[in-house]
Amino acid sequence: MPHPHLSFGDFADVEHFESSKSSEANLWRLGAALFDEIEDLNPPEDAPADLVARLVEIRRRDRLESWLEDVVRDAVEEDLRDIESRPTGSGAGARRIFALLSGHEIERACTTAVENRDLRLATLLAQAGGDDEYREDLYLQLAKWREYRVDAHIDDAYRRVYEVLCGNVGLSEGLAAKGDRVDAAAAIFIADGLDWKRAFGLHLWYGTFQASLPTVVARYETAARDPTSHTAPPLPLYIESPSFADPATPTRAWTPNTGDSPPTDPLFSLIKIFTDPAYALEDALLPRNFGSSPLDYRLSWHLFMLFSRVLRRRDFEDREMVPRDDDDDDEQREVEGYSIKADAVTEAYASQLELGGNWTWAIFVLLHLQLPELCVLSRLLSFLRTG
């Protein structure tokens, strides 16, 4: 069994990941933000349970937001460089502001608006993500523009920023031409061109006011499943942006079976595990979620150990309690349940290590089989003979 106090932070804090921006480093940091114990909560001793639960919820959300801001920062900077490289136009300032909003960099967005001498917009940006009254006021402003058909005279980049500020992170409907074509306005897909993490961030930071994380995740998933919304689904980085994938990720092209559902970014799977009790651990730990190889069980095995054997937050659905005879009173007692799928993952990872020449680590992994009397002895003897 793994150490009972093992945590995501133990992986995230290793020297290799201290300054790394790789997908795996981000995975361990997200796990620490969502699942590791909050050590500095310090509620009053007489605080009721519901108050403590609310404090934990706020802190978890704050950690998730901080993690997301850090993860998307490079993408925001890339967008800003791309905007700067293009010829400047009337909407260049608004495009920069939207790029900053997509990374929740409110202060920089306000500064950009001030530098553009757009003080009214700077005032609105300072309240981004504000309460329902603020959102309603902006919504009514947009409705008036649409009613008087002035959308055609407002740059699309500015419309996009205003839509985000009012809480619309989906579609800004256009207007068909009425007589003269000058009063036509194009439809704008707010999340178009954003990677899934920033598209999710729009829902988290601006889509609703103080909505629960399960609600935010559900709203993003609804948008991502709708191909007409132009919202990026949570695909792994090696599929979404192959040029930014980790160098250690296998480059061999594995062709999925016909009818297979697309893999899910493990970062989003961790968020789903945290927010959705019904989300299956089997779906989260598919090897194709982590890399192109369907035979690489390294991260699948480590995450299974954390979620199932340490945190007790999630388990494979086929686990059944196995009764054994108690030596003291000859009565049947329930012990750690048995899961065929769990042992299959352990054996697959051990085989992977053995094929890579790491037979001692393969033996260590096999020691985690739940019913070792079934197969581990023969495997150990085989390893020792070939070692």
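Is Arg 108 buried, partly exposed or exposed? Arg 108 is partly exposed, because its relative accessibility is 36% and the class covers values between buried (under 20% relative accessible area) and exposed (over 50%), with a 1.4 Å probe and protein chains only. This is a predicted model, in which local features need pLDDT of at least 70 and side-chain atom pairs count only at pLDDT 80 or more, while totals for chains, interfaces and linings use all residues. Residues are numbered from 1 along each chain as its sequence is written, and side-chain values use heavy atoms, with hydrogens and water left out.

**Salt bridges**

- The whole structure holds 22 salt bridges, each being a side-chain nitrogen of Lys or Arg within 4 Å of a carboxyl oxygen of Asp or Glu.
- Arg 108 meets Glu 105 in one of these bridges, at 2.8 Å from N to O; Glu 105 is buried, at 14% relative accessibility.
- Glu 282 and Lys 341 are joined by a salt bridge of 3.3 Å, N to O.
- Glu 282 belongs to helix 13 (residues 281-284) and Lys 341 to helix 15 (residues 340-355), so this pair ties together parts 59 residues apart in sequence; helices (H or I, at least four residues) and strands (E, at least two) are DSSP runs, numbered from the N terminus.
- Glu 282 is buried at 13% relative accessible area, whereas Lys 341 is partly exposed at 40%.
- Arg 59 and Asp 40 form a salt bridge of 2.7 Å, N to O.
- This pair links distant parts of the chain, 19 residues apart: Arg 59 lies in helix 3 (residues 49-85) and Asp 40 in the loop between helix 2 and helix 3.

**Aromatic contacts**

- The structure contains 16 aromatic pairs, counted when ring centres of Phe, Tyr and Trp (its six-membered ring) lie within 6.5 Å; planes under 30 degrees apart are stacked, over 60 edge-to-face and the rest tilted.
- Phe 8 and Phe 35 are a stacked pair, with 5.7 Å between centres and 25° between planes.
- Phe 8 lies in helix 1 (residues 8-12) and Phe 35 in helix 2 (residues 23-35), so the pair ties together parts 27 residues apart in sequence.
- Phe 8 is buried, at 0% relative accessible area, and Phe 35 is buried at 6%.
- Phe 35 also pairs edge-to-face with Phe 307, at 5.0 Å centre to centre and 85° between the planes.
- Phe 307 is in helix 14 (residues 298-310), so its pairing with Phe 35 of helix 2 ties together parts 272 residues apart in sequence.
- One aromatic cluster comprises Phe 8, Phe 11, Trp 28, Phe 35, Phe 274 and Phe 307.

**Backbone and loops**

- Arg 149, though not a glycine, has a positive phi of about 55°; Arg 149 is placed in the loop between helix 7 and helix 8 (156-165).
- His 230, likewise not a glycine, has a positive phi of about 60° and sits in the loop between helix 10 (213-225) and helix 11 (237-240).
- Asp 183 occupies the loop between strand 1 (171-172) and strand 2 (188-189) and is buried, at 14% relative accessible area.
- The C-alpha atoms of Asp 183 and Asp 151 are 7.5 Å apart, although the two residues are separated by 32 residues along the chain.
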